[in-house]
Amino acid sequence: MRGIIYKGIGGFYYVRTGTGEAIECKARGKFRKERVTPMIGDEVEIEVKNGKGSICEIYPRRTKLIRPPVANIDIVVVVAAAKSPDPNTALIDKMLVNAEINDIEAVVCINKTDLADSSGLEKIYRNAGYKTVSVSAQNDLGMDELLDIIRGKIAAFAGVSGVGKSSILTILTGTELETGTVSEKISRGRHTTRHVELFPVSGGGYVLDTPGFSSVEAEDIPLERLEQCFPEIAAASPGCRFRGCAHIGEPDCAVKAMVERNEIAESRYSSYKELYTIQKGKKEWK
Ligand SMILES: Nc1nc2c(ncn2[C@@H]2O[C@H](COP(=O)(O)OP(=O)(O)OP(=O)(O)O)[C@@H](O)[C@H]2O)c(=O)[nH]1
Ligand SMILES: [Mg+2]
Ligand SMILES: [Zn+2]
């Protein structure tokens, strides 16, 4: 029987089969010998005997994230809030880079549009080449548009604490997920959402709610791949005078010209420069 691992606890894997049935499984011993660890999101073949399941095969992974450890994510939804907390473009950009470097499609979702206007933020990311969607979990607005984007896929929801990931997912899945006010979180000093689990979406697909997927380490991004992680910079790059232009101090740089004309957002270019500088420094120390 074929299924997907949606949760793992204490050596047990929980697999949902095509019929929607959930089965508790152990991994066969051969995986340990081959040093393969099943991941949440893995498509697996299982055998069930006397109500006990065992995973006998793991199908090839389409994608593989390390933080959090999840396989087969098709799309990353980077969630920000129009307000409370105020959007942090540097962190949004890092989450987008994390998706790009793992070859996973990314979209930007702006929540809490009942509190503030989201058009400025939307414009930054639409200009960068990302699909954007503005929603309000509180007023149940924009959820159909979001659903259309993720339907049938495995979607990971990323974003800093308090932007409303769990609130959105509660609506999309019809499963009550743990949410909390921003002040409650600060006083507890930690996230509300603590474990990694895939939840089925009405109409097909799964969503992942996790606090862990909020950043990317610059060491994970080779300099030569950095430009590709910023779609609008990669698109402008052929207009630079020099091939291999780093868009930092070179003359006749098309990217910098576009930043000056406000055609590439200043915040996006700063994020690029920051990651470039960190990575360049590391390379020179080697
Ligand atoms: N005004 C307003 N508040 C919202 C909206 N969506 C969520 N909230 C509130 O924002 C707070 C944080 O929401 P959560 O869904 O717990 O945020 P989260 O992103 O899951 O946070 P972590 O699990 O800590 O990463 C809660 O008090 C929600 O009620 C919205 O659209 N508008
Ligand atoms: Mg949460
Ligand atoms: Zn350039």
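Analyst: Let's start with a definition: a residue is called buried when its relative accessible area is under 20%, exposed when it is over 50%, and partly exposed in between, using a 1.4 Å probe and protein chains only. This is a predicted model, where local features need pLDDT of at least 70, side-chain atom pairs count only at pLDDT 80 or more, and totals for chains, interfaces and linings use all residues. Residues are numbered from 1 along each chain as its sequence is written, chains are lettered from A and ligands numbered from 1 in the order in which they are written, and side-chain values use heavy atoms, leaving out hydrogens and water.

User: Is Asp-42 buried or exposed, and how do you know?

Analyst: The relative accessible area of Asp-42 is 0%. That is under 20%, so Asp-42 is called buried. You can find Asp-42 in the loop between α1 (29-33) and β4 (43-49). Helices here are DSSP runs of H or I with at least four residues, strands are E runs with at least two, and both are numbered from the N terminus.

User: What makes the link between Asp-42 and Arg-61 a polar contact?

Analyst: A polar contact is a pair of N or O atoms within 3.5 Å; within protein, one must be able to donate a hydrogen and the other to accept it, and residues adjacent in sequence count only if both atoms are side-chain atoms. The side chains of Asp-42 and Arg-61 are joined at 2.8 Å, so the distance passes the cut-off.

User: Which residues are in contact with Asp-42, leaving aside its neighbours within four places in sequence?

Analyst: Contact means heavy atoms within 4.5 Å. Among the partners of Asp-42 are Gly-3, Ile-5, Thr-37 and Ala-71.

User: Why are Arg-35 and Asn-262 called exposed?

Analyst: Arg-35 has a relative accessible area of 77%, and Asn-262 has 61%. Both values are over 50%, so both residues count as exposed. Arg-35 lies in the loop between α1 and β4, while Asn-262 sits in the loop between α9 (254-260) and α10 (266-285).

User: What is the phi of Arg-35, and what is the phi of Asn-262?

Analyst: Phi is positive at about 55° for Arg-35 and at about 65° for Asn-262, though neither residue is a glycine. Most residues other than glycine have a negative phi.

User: How many helices and strands does the chain have, and how many of each?

Analyst: There are 10 helices and 13 strands. The radius of gyration, taken over C-alpha atoms, is 21 Å, close to the 19 Å from the globule rule (2.2 Å times the number of residues to the power 0.38), so the chain of 286 residues is as compact as a globular protein of that length.
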